[in-house]
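Dear colleague,

Please find below the structure that I am handing over to you. My findings follow directly after it.

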Amino acid sequence: MLVGARIKLTGVVSRQATANDSGFVSFEALPAGRYDVFASAKDLSPASPHVFDLPGSGETTIALTLKPNAPTARATLACGGLDSRSIKALGAGAVLVIHVKVIGQTTSEGLSFANDSSMDLTTLNRVQVLQSFKSSAASPPPGSLMTVHQGGGRIDRGEFIDHHSFIGLGP
Amino acid sequence: MLFLTVDGRGTYTIHGSEEGVFRIRNGRVDPLGDDGAASAWNGRSASTFFAGLQVATTK
């Protein structure tokens, strides 16, 4: 890890620290639970949030890599026509309302949503259904697997990170 | 928790953008969005959220 990288931990408790001369950060006496860890450093693309479940005892080690941003970044704003005032309004506009566990994400490149000649990134989330709300014939049963598409994502092109901001769904 | 729409090819996408995503972290609601329903449920207990969803999604 880079010396001076900033590490932020959020979950049962929140902590942040700066990497030492060896590039390490250590957080001690953390309560068990689910945490997101974010890494960032000057002039580098922030790492995707890394999610992990900390057990009640023992030690967990996480290695994070930061790379430069691509020469250009893309952002797509999704807006218009959505009533998000309440979960009832959101549910009325949705085909499915499901509690899921994200078990995998892949990002690929394809033709732009705008149907021009540019390329957009799309992230496919593989999810396992834990519970379906809004019961209908199309509602997937618990345990079934689905793929949910979302615009945007990050692709590691080796030397740099190509980033298309659209929506930030993480595991 | 995902609120999903589907297109004519059967592709499921998130309803809206961040508004259709509510993460559950350590028994609490952690919405990806920041207004409307997201603001109303941010930090509340997951069990209360699920109970509210049962009511909200029942016609």
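The notes below cover the conventions, the contact between the chains and the aromatic rings.

This is a predicted model, in which local features need pLDDT of at least 70 and side-chain atom pairs count only at pLDDT 80 or more, while totals for chains, interfaces and linings use all residues. Residues are numbered from 1 along each chain as its sequence is written, chains are lettered from A and ligands numbered from 1 in the order in which they are written, and side-chain values use heavy atoms, with hydrogens and water left out.

**Contact between the chains**

Chain B brings 33 residues into contact with 36 residues of chain A (contact: heavy atoms within 4.5 Å). The area buried between the two chains is about 3,100 Å², with 67% given by carbon and sulfur atoms (buried area: the accessible area, 1.4 Å probe, that two parts lose on being put together, summed over both). On the side of chain B, the residues that lose the most area to chain A are B:L2, B:Y12 and B:R25, which together account for 19% of what that side buries.

Two salt bridges are counted between chain B and chain A (a side-chain nitrogen of Lys or Arg within 4 Å of a carboxyl oxygen of Asp or Glu). A:D36 and B:R25 form a salt bridge through their side chains, at 2.9 Å from N to O. Among the elements of chain B, α2 supplies the largest share of the side that touches chain A, namely six residues (helices, H or I, of at least four residues and strands, E, of at least two are DSSP runs, numbered from the N terminus).

**Aromatic rings**

Over all chains there are six aromatic pairs (rings of Phe, Tyr and Trp, the last by its six-membered ring, with centres within 6.5 Å; planes under 30 degrees apart are stacked, over 60 edge-to-face, the rest tilted). A:Y35 and A:F52 are stacked, with 5.8 Å centre to centre and 20 degrees between the planes. A:Y35 lies in strand β3 (residues 33-40) of chain A and A:F52 in strand β4 (residues 50-54) of chain A, 17 residues apart. Both A:Y35 and A:F52 are buried (under 20% relative accessible area, with exposed over 50% and partly exposed in between; 1.4 Å probe, protein chains only).

B:F22 and B:F49 form a tilted pair, 5.2 Å centre to centre with 35 degrees between the planes. Because B:F22 belongs to strand β3 (residues 22-25) of chain B and B:F49 to helix α2 (residues 46-56) of chain B, the pair ties together parts that are 27 residues apart in sequence. B:F22 and B:F49 are buried. Ring pairs link A:F133, B:F3, B:F22, B:W41, B:F49 and B:F50 into a cluster.

Kind regards
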